[in-house]
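I set them down in the order in which I looked things up.

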Amino acid sequence: MDSVLSHRAAQILGDAHRVVVFTGAGISAESGVPTFRDDLTGLWARFDAEQLATPEAFHADPDLVWGWYEWRRARVRRAEPNPGHLAITTIATQAPDSTVITQNVDDLHERAGTQAAIHLHGSLFAPRCVAAAHPATFPNPPDGEVAELPEGRRIPPPRCASCAALVRPGVVWFGEALPEAALTAAVQAAADCDVLLTVGTSGVVHPAAEIPRIAARAGAAVIQVNPEPTPLDPVATINLRGTAAQVLPALVTAAWETTDGN
Ligand code: BV8
């Protein structure tokens, strides 16, 4: 990674008062959680994620879609936050007026210690019924190791305890509106920040992909962390080519060492 760029990025981050960290599936890749663009495997190999993550797919074959989400939830439960998640938690201690906005549906930011992350696309851990959005609960997992779910299992979704309607994953599917309060808070934070760090997102899913653009239009510095080029490259003030778990800890250390002058 270019040391001049990373030094400049550290200076910008260290001087900032209001920091937004915007994350996508790439922040969880080094925890072993597949990204959204990774090819699907097994039973789901004939689909791409954008086809499965829809109300139509669930309506057509609830067992197939629920099985996919349960497999993903088990993967997340066996995963641990990586140094990228932990570095983001450090930002919150160094820059108290910071906000984490994530497109991800895992809970790795929370398990790394981030408080009140804004989830634009919901959560794997908030199932609800299709009829009245009654919150549903998962059967209590046995203590200890989370059983690995074999890939490609069809699992019938549970029924709502209140109204017996089908239970669905608590995520935002393609074609569904994002939670209004979350989107409003995210847009406000992006419009008000001094720096927006966009980490591990392909920047193609809307309206979430607008968040870094809103920050740039409002005059904030945008620092992108991604091993690959994305449509956000021209939006970013600085593009740091590398992975989250490699770049973020070094960036955070340099940011506040640089500011403290030691
Ligand atoms: C809506 C939950 C309207 C489910 C997800 C405008 C233009 C074009 C299209 C649209 C538009 N407006 C709306 C649309 C349609 C659609 C859309 O955006 N389609 C795209 C694909 C063309 N949007 C919608 O349907 C949205 N709804 O607009 O509703 C409406 C309004 C009112 C009333 C009714 C309706 C809803 C979108 C939400 C969909 N749900 N997730 C689930 O998870 O199963 S989105 C899904 O994609 C995930 O949340 C994921 O986070 C997100 C974005 O993907 P990324 O996070 O970027 O992940 P990806 O795999 O793509 O990329 C990973 C990146 O990480 C890569 O760049 C890679 O290089 C990098 N990386 C890899 N390893 C690392 C790394 N980076 C760092 N470190 C590493 N180690």
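This is a predicted model: local features need pLDDT of at least 70, side-chain atom pairs count only at pLDDT 80 or more; totals for chains, interfaces and linings use all residues.

**Entry 1: terms and source.** I call a residue buried when its relative accessible area is under 20%, exposed when it is over 50%, and partly exposed in between (1.4 Å probe, protein chains only). Residues are numbered from 1 along each chain as its sequence is written, and side-chain values use heavy atoms, with hydrogens and water left out.

**Entry 2: Ser31.** Is Ser31 buried or exposed? I find Ser31 to be buried, with a relative accessible area of 13%. Ser31 belongs to the loop between S1 and helix H2 (49-52); helices (H or I, at least four residues) and strands (E, at least two) are DSSP runs, numbered from the N terminus. I then looked up contacts, meaning heavy atoms within 4.5 Å. Apart from its neighbours within four places in sequence, Ser31 touches Ala79, Glu80, Pro81, Asn82, His85 and Leu108. With Asn82, the side chain of Ser31 makes a polar contact to the side chain at 3.0 Å. A polar contact is a pair of N or O atoms within 3.5 Å; within protein, one must be able to donate a hydrogen and the other to accept it, and residues adjacent in sequence count only if both atoms are side-chain atoms.

**Entry 3: the chain as a whole.** I counted nine helices and eight strands in the protein chain. The radius of gyration is 19 Å, close to the 18 Å that the globule rule gives for 262 residues, so the chain is as compact as a globular protein of that length. This radius is taken over C-alpha atoms, and the rule is 2.2 Å times the number of residues to the power 0.38. Along the principal axes, the C-alpha atoms fill a box of roughly 60 × 35 × 30 Å. Of the 262 residues, 50% are buried. Among contacts with a separation of 6 or more, 71% join residues 24 or more positions apart.

**Entry 4: the ligand.** How many residues surround the ligand? I find 36, and the closest are Arg37, Tyr69, Arg72, Gly175 and Ser202; a residue is near a molecule if one of its heavy atoms lies within 4 Å of it. The shell divides into 17 nonpolar, 13 polar and six charged residues. Here Ala, Val, Leu, Ile, Met, Phe, Trp, Tyr, Cys and Pro count as nonpolar, Asp, Glu, Lys and Arg as charged, and the others, Gly among them, as polar. A polar backbone atom of Gln103 is 2.8 Å from an oxygen atom of the ligand. A nitrogen atom of the ligand lies 2.8 Å from a backbone N or O atom of Glu176, and a nitrogen atom of the ligand is 2.9 Å from a polar backbone atom of Ala244. Taken alone the ligand exposes 1,500 Å², of which the protein buries 73%. Accessible areas come from the Shrake-Rupley method with a 1.4 Å probe; for residues, only the protein chains shown count as cover.

Entry 5: In helix H8 (residues 210-217) the buried residues are Ile211, Pro212, Arg213, Ile214 and Ala215. Their cover includes strand S1 (18-23), strand S2 (97-102), helix H7 (180-192), strand S6 (195-199) and strand S7 (221-225). Just after H8, Gly219 takes a positive phi of about 95°. In the loop between S6 and H8 I located Pro207, which a cis peptide bond joins to His206, with omega about -5°.

Entry 6: Most residues other than glycine have a negative phi, and most peptide bonds are trans. Ala116, although not a glycine, has a positive phi of about 55°. I found Ala116 in the loop between helix H6 (108-111) and strand S3 (118-119), exposed at 71% relative accessible area. Ala133 also is not a glycine and has a positive phi of about 55°. Ala133 sits in the loop between S4 and S5 and is partly exposed at 43% relative accessibility.

**Entry 7: Cys163.** Cys163 has its place in the loop between strand S4 (122-129) and strand S5 (167-171). With 32% relative accessibility, Cys163 counts as partly exposed. Beyond its neighbours within four places in sequence, Cys163 contacts Cys129, Ala131 and His134.
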